[in-house]
Amino acid sequence: MKFRVIPVTQFQQNCTLCWCEETKRAAIIDPGGDIAKIEAAIKEEGLVLDKVLLTHAHIDHAGGTAELSSRFNVPIEGPHKGDLFWIEGLAKQSEMFGFPKVETFRPTRWLDDGDQVEVGNQVLDVLHCPGHTPGHVVFFHQASATAQVGDVIFQGSIGRTDFPGGNHQELIRSIREKLFPLGDQVEFIPGHGPASTFGYERQTNPFVSDRRG
Ligand SMILES: [Zn+2]
Ligand SMILES: [Zn+2]
């Protein structure tokens, strides 16, 4: 499986194009906006878009979902249904953050912990990781040891928990009990900023390192 990060919106959110190299079937994870940029990347790589995947429903991650899914006529998988109130509030979010007006949508499939998502011949495991939002999920590709973690953890930091439905303790638990056990060598692509590995964060991240007890 291959991954290409496409920074979108004024928040430079790491929208990710991922695809199966055998079949050239692709998924877009977190299309926050800038649909033309996303479309260009799909075309450039010569891929067929099969689905939209969402880690959570904040506008910088989900704002372009309705437009992209209707333009390519593809289903929307994720996030977990705990984020329904964020999806219903997308219009309000767009006003609040000065985004272009967005359409709301209904996921074709809500995701739950332990679910799997197919992209061509490849499989992504779904981990429910609440804390930043109640319905946040992480996509993990075992074969390449790569995780798409949205706003759960960043290089040197963790997701905000001061939004409605946020929960700091829950976020810490999600990181320590669900993500770190995937393995030190696992590389993760966060919703913002550079990639890192769980091993590096276990040593150095001031919020969740092993030293923090
Ligand atoms: Zn977020
Ligand atoms: Zn974000």
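Predicted model: local features only at pLDDT ≥ 70, side-chain atom pairs only at ≥ 80, totals over all residues.
Residues are numbered from 1 along each chain as its sequence is written, and chains are lettered from A and ligands numbered from 1 in the order in which they are written.

**Exercise 1.** Work out how many helices and strands the protein has, and decide how compact it is.

*Solution.* Begin with the DSSP runs, where a helix is a run of H or I of at least four residues and a strand is a run of E of at least two, numbered from the N terminus; the protein has 7 helices and 13 strands. Next, take the radius of gyration over C-alpha atoms and compare it with the globule rule, 2.2 Å times the number of residues to the power 0.38. The radius is 16 Å, close to the 17 Å that the rule gives for 213 residues, so the protein is as compact as a globular protein of that length.

**Exercise 2.** Find which strands stand at the edges of the open sheet.

*Solution.* First, write down the order of the 5 strands, which is S1-S2-S3-S4-S5, with mixed pairing; two strands pair if DSSP finds at least two bridges between them. Then look at the edges: S1 (2-8) and S5 each have a single partner strand, so one side of each is left without a neighbour in the sheet. Finally, examine one pair inside this order, S3 and S4, which are parallel over 5 bridges, with Ala27 opposite Lys51 in S4.

**Exercise 3.** Identify the buried residues of helix H3 (residues 65-72) and explain where on the helix they lie.

*Solution.* Call a residue buried if 20 or more other C-beta atoms, placed from the backbone, lie within 10 Å of its own, exposed if 12 or fewer, and partly exposed in between. By this test the buried residues of H3 are Thr65, Leu68 and Ser69. Seen down the axis of H3, they fall within an arc of 95°, so they line one face of the helix; the arc is that of the directions from the helix axis to the C-beta atoms. An α-helix has 3.6 residues a turn, so residues three or four places apart point the same way.

**Exercise 4.** Locate Asp83 and determine whether it is buried or exposed.

*Solution.* Asp83 is in the loop between strand S5 (76-77) and helix H4 (84-88). With 27 C-beta neighbours inside 10 Å, Asp83 counts as buried.
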